[in-house]
Amino acid sequence: MIAALAGLGLALGAAGPAQAQNEVAYQKAGRWNVVSVWVGPVFGYCAADTDNGQVQFRIGTDGRSWQIGVPYYGRRGKVEGYYGFGDAAEMGAFAAEGDGWASMPINRDQLDAFRNAPDFAVNLDRGLQVFNLDGAAAAIDIARQCARTQGQRQAAAAQPNRAPAPPPPAAPAPGPVAGRGCPPPGTVRSPKTSAPVKVLFYNGTQMPLDIMWIDFDGQWQRYHRLKPDSNVTQSTYAGHAWIAVDPRGNCHGGVMMGDPRARTEGDNEFQIWD
């Protein structure tokens, strides 16, 4: 982790067990979504998010330093993986904090590459993933502005003879209420277990579904976006909780947990039909 973010106890993904994070939408820029990330009432950083239809990608800053992050569910600690732009690739050292993300600091030249290159590729535990960088320059500028204002949108200039607009709230708005079929926020948490298990999720519905890991604090972290009639295999741990959320925010298939002791074929295959 870069020093500025680590000083707040933050990574680019979920917070550790003692610090629950809250992400607040800041501005949309084409295929990118810029969010501000908070620990309680304390501002952490701003991030520009996109995805390739399966895996999320994030470029984040606290206003001083930058880093990138991708979902990661392997071992904790230093993780080496290939990354690069176009045909150029090199080995990079990512940091995995056990929170479902792997992150890596980037310098000014690399940040400029994200602005100008057509795509970015990274190869960690999910195999080669390529992300389209169209619109990244605008999203990076918005993320920088978001960090400068600590996640607060600038109010319009006051009109003559009118009172100025009230200041924005000091803390982010409460998280959304869970949709139909979803566990109430905070009621389900993944335990800190170490027995590995592979699970398969199949989308048998007629709509795309976001496959979300419920982390140690009960926060939802998106790992995959499954199109109808598609599946994905995910490495996880015993008892870790997963849910499938449709575009309306409703859940399908209940809370799904892998069991490494299962011996029957299909026990760790979750087919989502409803």
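Predicted model: local features only at pLDDT ≥ 70, side-chain atom pairs only at ≥ 80, totals over all residues.
In what order do the three strands of the open sheet lie?

The strands follow the order E14-E11-E17, and their pairing is mixed. At the edges are strand E14, covering 230–237, and strand E17, covering 269–272; each of these pairs on one side only. From one strand to the next, the twist averages 20°.

Let's look at one pairing in the sheet. Strand E11, made of residues 196–203, runs antiparallel to E14, and eight bridges join the two. Within this pair, Val-197 stands opposite Thr-236 of E14.

Leaving aside residues up to four places away in sequence, Gln-27 touches Asn-33, Val-34, Ile-142 and Arg-153. Ile-142 is 115 residues away from Gln-27 along the chain, yet their C-alpha atoms are separated by 7.6 Å.

## Two loop residues with positive phi

Finally, here are two residues in loops. Gln-150 is not a glycine, but it has a positive phi of about 55°. Gln-150 sits in the loop between helix H3 (136–148) and E11, and it counts as partly exposed because its relative accessibility is 47%.

Asp-229 is not a glycine either, and its phi is positive at about 60°. The loop that holds Asp-229 lies between strand E13 (220–226) and E14. With a relative accessibility of 59%, Asp-229 counts as exposed, because exposed means over 50%.

Note on methods:
Residues numbered from 1 in each chain as written. Heavy atoms only, no water. Pairing = 2+ DSSP bridges. Helix = DSSP H or I, 4+ residues; strand = E, 2+ residues; numbered from the N terminus. Axes fitted to C-alpha atoms, helices over the stretch in contact; angles between N-to-C directions. Contact = heavy atoms within 4.5 Å. Buried < 20%, exposed > 50% of the residue type's maximum accessible area, 1.4 Å probe, protein only.
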